[in-house]
Number of protein chains: 2
Amino acid sequence: MENYFFGMDLGGTNVVIVLMDATGKMLARRSEPTKVSLGPASLVERTADACKTLLAECKIERSNVKGIGIGSPGPLSRSQGRLIKLGNLPGFDNFPLRPELSRRLAVPAVLDNDANAACWGEFWQGAGKNVRDMVMFTLGTGIGGGIVCDGTLIHGSDDNGAELGHLVIQMGGRLCTCGQHGCVEAYASATGTTARAQELLDAGRDSSLAQVYQNAGKLTAKDVFDHAQAGDTLALEVVDGTAQALALTSVNMRHVTEPELVVLAGGMINAGDFLLNKVRESFHKQMWALRHESMEIVYATLGENAGAIGAAGLALYAFEHDQLYDAGT
Amino acid sequence: MENYFFGMDLGGTNVVIVLMDATGKMLARRSEPTKVSLGPASLVERTADACKTLLAECKIERSNVKGIGIGSPGPLSRSQGRLIKLGNLPGFDNFPLRPELSRRLAVPAVLDNDANAACWGEFWQGAGKNVRDMVMFTLGTGIGGGIVCDGTLIHGSDDNGAELGHLVIQMGGRLCTCGQHGCVEAYASATGTTARAQELLDAGRDSSLAQVYQNAGKLTAKDVFDHAQAGDTLALEVVDGTAQALALTSVNMRHVTEPELVVLAGGMINAGDFLLNKVRESFHKQMWALRHESMEIVYATLGENAGAIGAAGLALYAFEHDQLYDAGT
């Protein structure tokens, strides 16, 4: 009898739900609108219905599903299965999502941070399939992180580890939204990248971006990458700064958990090899000279499914390590 | 029948050897001069003799000793039990210390980095006795590191993780001996601290340290801390910089493995509460404002025995997890 696992990735706009087998094969997938305004109880109902639809589609009995993994924005409590505070999901604060959904489906469950789930997805079935130690940076509005050490996800003492966007790489540097100065997120996230470009334009620097900025009133990270690829000096300077900050954070992680692989994920990797090659070059330039370091830096391969796949993978891991929470506990 | 463990801490000047029981009680201890010039084979002989003396002192049969843990300066290969390159132990490069000593004593063994061993010592029997997640910085000529996550020592993919002195906290900052710019070691080690003071004096700044510097031709970290405590403005500025760099590295580790505890060890902690309070204050000033962070920063308690005690503790851990290498393999 085969074992199956659900994976759920809770986002502010959509919820992605997948049904996977224990070998990592995705059997079915649904994406549902989150409909935040309907509240968390409605979300539990609709997610449970979606899970049943997936089972029916695949002709699989619910009793063969051994666990459901849930990825959610943090902070959260894994042991209580409770969300704590969610900026873009008003009304979900303190909701006990794991026990509620688990009871509703009568399937044991596990809850984890969405960046951790996405990292585990890439580790289990994506870019990190062949390594034991990896680090992932998810490059979006902010920068999320995930760490796998010797085949185990690092959670930290209070489930708030791997907040890699808030590694400080510049004492007294740029102010980050978190209150710290000099976080990598303040330099190399989509927001940090566009902010640095806009500041240079505001200071009167010449650039092909000036017209775009004037027309739209703001820039996107895509604007900056596009103009850099077209050869604009200011845009190139900004992208080089983004690559340098990401490379330096990779250097730092090499000195902490020494991963074999750094995986870059999130919207910003649409910039393609142009960005990736710059990050790799800057890593080798900034890394120490004491030993040859062979760490690879690559892009994620699972796209927007990484979180849901990883959540299912975390349920499988918890099942195998006897760490699943019984339905409703 | 009780189980016993040897712990050995290999240093450039002395080798410390301890005999411990499985509860962490130290039964006997010896410190022998390393006598580097006699070479590694002589060291193995003398260490084995010292171990036998410890057994005789305690009236313990060798068959009750289940393992020997060896801490050595890195880099090294744990799986091969081989030293790789040791700056201050010429002639020891590539020596298979673990199999040689293990065969000579007919006791299974395990080899690890000395900073990791010291960290494990503090975790097992020292400042970190009551936590599951800690980080240790050893503040000496350089800065060594150790990380315990959920009760497990982090080694990295190639045994070179936890090189925390080489975390970069300032892009393009001070040149470190490792070739990188902006490592915490370049700011906050004893060497970094005195170098910053000397540079300010060389630039003509006024200070009570000027006379000491002129007479001795150089400063020690103790000079800088003593003059700072006596109220000298320049020395205070330098010590504040040291505290800031250590605090920021603690902030960074909080965002990576989220320890409950940061333990500061090494010669520099002789500066006492004066330094510790500055590090704690700077941590709270630099840490983000998103959540209350309760992480403690404390001094190590085992002193110069931490490495040997930790090495014995690693042998116990390896024994319990079936990770000891059989004698001579």
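**View 1. Strand β7 of chain B is mostly covered.** In this predicted model, 5 of the 5 residues in β7(B), residues 109–113, are buried (under 20% relative accessible area; exposed is over 50%, partly exposed in between; 1.4 Å probe, protein chains only). Strands are DSSP runs of E with at least two residues, and helices are runs of H or I with at least four, numbered from the N terminus. Strand β4(B), residues 65–72, pairs with β7(B) in the parallel sense over 5 bridges; pairing requires at least two DSSP bridges between the strands. Ser72(B) has Asn113(B) in β7(B) as its bridge partner.

**View 2. An open sheet of 5 strands in chain B.** The order is β10-β9-β8-β11-β12, with mixed pairing. At the edges lie β10(B) (152–153) and β12(B) (296–299), each pairing on one side only. Strand β11(B), residues 261–265, runs parallel to β12(B) over 4 bridges. Val263(B) is bridged to Val298(B) in β12(B).

**View 3. Helix α8 of chain B lies across β8, β9, β11 and β12 of chain B.** The helix spans residues 233–256 and runs at about 155° to β8(B). Axes are lines fitted to C-alpha atoms, for helices over the stretch in contact (heavy atoms within 4.5 Å), and angles run from 0 to 180 degrees between N-to-C directions.

**View 4. Chain A laid on chain B.** A turn of 180° and a shift of 0.0 Å along the axis give an RMSD of 0.0 Å. The two copies are thus related as by a two-fold rotation axis. Superposition is by least squares on C-alpha atoms of residues with pLDDT of at least 70 in both copies. Of the interface residues of chain A, 100% are also interface residues in chain B, so the copies meet through the same surface.

**Notes.** Residues are numbered from 1 along each chain as its sequence is written, and chains are lettered from A and ligands numbered from 1 in the order in which they are written. Local features need pLDDT of at least 70, side-chain atom pairs count only at pLDDT 80 or more, and totals for chains, interfaces and linings use all residues, while side-chain values use heavy atoms, leaving out hydrogens and water.
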